[in-house]
Amino acid sequence: MESLMQGSSRSVIGLSVVLLLLLSGCGAAYSGYVSRSLNQLEKGNYEAALGKLEKPSGKTNKLLYHLEKGLILHYQGQYEASNVEFERAERLSDQLYTRSVSREIAALLSNDSIVAYRGEEFELALIHYYRAMNYARLGDRQAALVECRKANLKLENYAQQAEYELSYKNDAFLQYMTGLFFEAEGEWNDAYISYKDALKGYRAYEAAFGLQAPRMLIIDLVRLAKRLRYEDEVAEYTERYQLEPAEIQPTSGGELVVFVESGFVPRKHQVEFSVPILEDEGKWEVWTVSERAVHRYHHPHVYKRGHVDYWLRVALPEYREVPSQVAGVRLRAGDQSALATTAEDLDAIAQRTFAQKFDTILLRAVARNLAKYLASKSIEKAFEDDDDDENDWAKEGLGKALGGLVNLFGVATEAADTRGWLALPHAIRIARLAVAPGTTAPTLELLDDRGRVLAVETLPEVAVADGEKVFLNFRTFR
């Protein structure tokens, strides 16, 4: 028995290290952690939402804390404080783009949720939307323009560095918003370029996310082309999009531009399934077997040609839509009204970009679980291969017990990374209305899928000068 204990000491030490790594990945899901704050946010109780938002003790969810807090402060009207949080989030996301190798190794042994969350691409782009709106509310349009431009520069950088091919390479909505701000500042050429970039972006949106370019964008483009005397472009766009002469006539007075955010972005949930590992794959490296398993996921008939050695349990994230009651929005001011148009479908963007990342996520999950399984088997084999014949039964039993314990912990700590910026909206619509110069008290009618009014929301009174664009945003959690 003494030789058995001496021969197994190194295995026990190694096992302890593995178990510590595995245990480090355990913890409550992020959605449960932030749910109390979201419940208050949904009620419009922003002070309570801030009070319920717990600051994480470590770095794992630090980015999400700044994002959620920045958004709550924005809705509360604390625009400067909101920008402080979003600036912290931006700096942190830049730092996190180069991940810690040690934490990546630990994630491979445990699960992805122990790695510091660095954000989805669309989440990081929307930091700049909210900062731009903060600056617009503070009366600093030039700072708002800087934020709009930064968003798409960063998206371009993310696309170049990504492990996968993304459809979401630039944000058409933010390009359009940039054009609107440029036009409001009288910077016609820059506005025209932004509108053209937005139209190009919406063509990509239509192919990837099923969202067409808002007709008002095309009208803006033609009106500016006319102002800049680009007659060929006026003729081209007017014919291509069947514009009526009345549509492209300049409007008098001022204009209200309201960005209406509705519902909640889809949320990630954990799903589990089993991946077949074939008998002849024992001689292959972990990543090679994992790549073959990803291929079999898409071609499930393949494994029938070989004998399945065992079924590997895998946990993966999956986006699920959070249904929104709001199917339309109407902006009213006095006896004038205009329907809003959808400019950003975050549900579609989240779902599509996740689908494009899925194989990479699956590959990591299979490799992680395969490594755990092989670790348990190697411990069993180490005891079986011991040349000392004394107490064979005890060694075999201890080897199986330790191997089973490692496998048990591996299964127990297998969890999908379901984190995300949960307070974001489902969609953003743009409502625009020409108004007479002076003070106006606009209202929003929230409509269901039958065009019936769900609720009427009163916006703050605003003063609009002749030729001025006034930008507002409004959030409904319906």
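**Notebook: salt bridges and nonpolar cores**

I began with Arg36, which is partly exposed at a relative accessible area of 43% (buried means under 20%, exposed over 50%, partly exposed in between; 1.4 Å probe, protein chains only). I note that this is a predicted model, in which local features need pLDDT of at least 70, side-chain atom pairs count only at pLDDT 80 or more, and totals for chains, interfaces and linings use all residues. Residues are numbered from 1 along each chain as its sequence is written, and side-chain values use heavy atoms, without hydrogens and water.

I looked up the partner of Arg36 and found a salt bridge to Glu54 at 2.4 Å, N to O (a side-chain nitrogen of Lys or Arg within 4 Å of a carboxyl oxygen of Asp or Glu). Glu54 is partly exposed as well, at 36%.

I next examined Glu272 and Arg313, whose closest N and O atoms are 2.8 Å apart in a salt bridge. Glu272 has a relative accessible area of 47%, and Arg313 has 26%.

I then took Glu281 and Arg296, which form a salt bridge at 2.9 Å, N to O. Both Glu281 and Arg296 are buried.

I recorded a salt-bridge network that links Glu90, Asp94, Arg131, Glu147, Lys150 and Lys154. The count of salt bridges is 27.

Finally, I turned to the largest nonpolar core, which has 107 residues (buried Ala, Val, Leu, Ile, Met, Phe, Trp, Tyr and Cys residues joined through side-chain atoms within 4.5 Å). Tyr129, Phe173, Met177, Phe259 and Trp421 touch the most other members. I noted another core apart from it, with 21 residues, including Val258 and Leu446.
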